[in-house]
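Hi there,

Here is the structure I promised to pass on. Have a look at it first, then read my notes below.

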Amino acid sequence: GLPRITVVGSLNMDLVSYVSHHPEPGETMTSNGFAVSPGGKGANQAIACAKLSRERTVDKEGKPIPPTSQPTAHVAMAGAVGDDAHGKALQANLAAHGVDISGIQTAPTGVPSGVAVIIVDEPTGQNRIIFSPGANYQIDTTKSASLVPQGTQLLILQLEIPLDQVLRALKEARAAGVPVLLNPAPAPATEEARAKLEAAFAVAAGSGEKGLAHLVLNETETAALVPELKVQDLDTAAGLSRAASYFLAQGVENIVMTLGGRGVYYATAAEAGKEVVGELLPPETVKQVVDTTGAGDTFAGQYALEAVYATAAGKPFDCAAAVRKSNRAAAVTVQRRGAQDSIPWRDEVA
Ligand code: RIB
Ligand code: NA
């Protein structure tokens, strides 16, 4: 059968305004454009796995086109939406891309679907996001005995659902021997949350239990997780190596830091304990950055696919090759508007 990926995470409707500059306090400004489009880090990553493992199934006008090849992965998602129009649309988009949505719950009436208010600065394509969790924070644990369906070969987690649910899924995966990719976004906001999460990565050296298989995160998230590390520290090779060493010492097997325009830094367990670890791979060059929304999720999705393909083929995981391919996929996403809508199909990634 196909390699199986499960995403446990968030679904949001994105309300996006495109602006020529960010508004000042007290300023009312007129946008250059507005769009409502499907998002949420969890759903984006599920869509990324689905689209990047399939040939385009609709043409540019949305007309179905018969695929000439089979998908190369099976993708399932667990999470929660509200009993509202956004919730229906979010589920429909996942299903239309072949994602198994049987693990998605509908929250009680009155709890709205998650929403993200996004402002995209058109000159740079950079976004600012306000996430309102709604139903994402109401996953009912009494409803699903298990968050990780049997047969899952890789579990993907982010932090837009309650931390306790993330930890529950992590424990379930560990008990079943399923490797986990954690994208700790958004960064934990409190020291308590950071400590809880850290306790979950790691495993006392020598216990024989495996740590987290893949940690994929950006500079802000790195600074939030590594004690006494500031974002600026990551401007130097020494700072990057220090951060990576910290995670390797926690039992993380592959650590991948996305550094925006500077590229991607990665380090693997084989280097644990060495004085200098990791390698910085350059970014893809793109013509114009239109909207970075969904780029990190695209990266995580392509990377996850490379990991399950290796497992399915019985080959060792090549982290550098996975990072290069994921960079190429994310480079497509930043050149298009929206989150899920901007993620490329498999045949669009060279
Ligand atoms: O990672 C991008 C996503 O973050 C957006 O789609 C938005 O919903 C926020 O959750
Ligand atoms: Na985009």
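This is a predicted model: local features need pLDDT of at least 70, side-chain atom pairs count only at pLDDT 80 or more; totals for chains, interfaces and linings use all residues.

Helices are DSSP runs of H or I with at least four residues, and strands are E runs of at least two, numbered from the N terminus.

Residues are numbered from 1 along each chain, chains are lettered from A and ligands numbered from 1 as written, and side-chain values use heavy atoms, without hydrogens and water.

Now the sodium ion (ligand 2). Its protein donors (N, O and S atoms within 2.8 Å of a metal, or 3.2 Å for Na, K and Ca; water is not among the atoms, so sites may look incomplete) are Asp291 (O), Thr293 (O), Thr333 (O), Arg336 (O), Gly338 (O) and Ser342 (OG), 2.6 to 2.8 Å away. Asp291, in the loop between β13 (279–281) and α7 (295–313), and Arg336, in the segment after α8 (319–333), are 45 residues apart, so the pair links distant parts of the chain. Asp291 is buried, at 0% relative accessible area, whereas Arg336 is partly exposed at 25% (buried is under 20%, exposed over 50%, partly exposed in between, with a 1.4 Å probe and protein chains only).

Enjoy exploring!
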